[in-house]
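Today I open my notebook on side-chain contacts.

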Amino acid sequence: MGALTCRDLVAFLMDYLDHSLEPQQRAEFEAHLAACDECVAYLRRYEQTIRLGRAAFEDPDAAAEAHVPRRLVEAILAARRRTPDRSR
């Protein structure tokens with residue numbers, strides 16, 4: 001794979017989080033993270049987004065909290081309908 005750019009990192013982000021990168025690829029990914037604070041911040045925000053999205057569906061019949069923008073809830077629900085469940 002060679003030295004990763006920030007754009008490369010984004011392209012391989014899901015594979016990294018799914019632990020499906022080959023050891024050499026993972027090492028290059030982590031080497032980039034070690035040198036790029038912006039990508040570390042991006043990765044943390046991405047992980048937080050995933051956690052929040054999953055938490056939103058723990059009880060799909062529960063009402064959304066008042067401070068959550070309705071458009072955001074609708075976008076999450078629409079994305080969930082389009083995307084197969086990767087946890088199965």
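I start in helix α5, which spans residues 70-82. Glu74 and Arg70 sit four residues apart there, so about one helical turn separates them. I take helices as DSSP runs of H or I with at least four residues, and strands as runs of E with at least two, numbered from the N terminus. Glu74 and Arg70 form a salt bridge, with their closest N and O atoms 3.2 Å apart. For me, a salt bridge is a side-chain nitrogen of Lys or Arg within 4 Å of a carboxyl oxygen of Asp or Glu.

A note on what I am reading: this is a predicted model, where local features need pLDDT of at least 70, side-chain atom pairs count only at pLDDT 80 or more, and totals for chains, interfaces and linings use all residues. Residues are numbered from 1 along each chain as its sequence is written, and side-chain values use heavy atoms, with hydrogens and water left out.

Next I check exposure. I call a residue buried under 20% relative accessible area, exposed over 50%, and partly exposed in between (1.4 Å probe, protein chains only). Arg70 is exposed at 65%. Glu74 is partly exposed at 41%.

How many salt bridges does a search of the whole structure find? I get three. Side chains of opposite charge can pair when their charged atoms come close.

I move to helix α3, residues 23-35. Glu30 forms a salt bridge with Arg26, and the closest N and O atoms are 3.4 Å apart. Glu30 and Arg26 are four residues apart in this helix, so they are separated by about one helical turn. Glu30 is partly exposed, with a relative accessible area of 34%.

Then I look at helix α4, residues 37-56. Arg44 and Glu47 lie three residues apart in it, about one turn of the helix. Their side chains meet in a salt bridge at 2.9 Å, N to O. Arg44 is partly exposed at 47%, and Glu47 is partly exposed at 22%.

Now the cysteines. I count a disulfide as a pair of cysteine sulfur atoms within 2.5 Å. By this rule I find zero disulfides. Cys6 is in none, and its nearest cysteine sulfur, in Cys39, is 3.5 Å away. Cys6 is partly exposed at 38%.

Cys36 counts as buried, at 8% relative accessibility.
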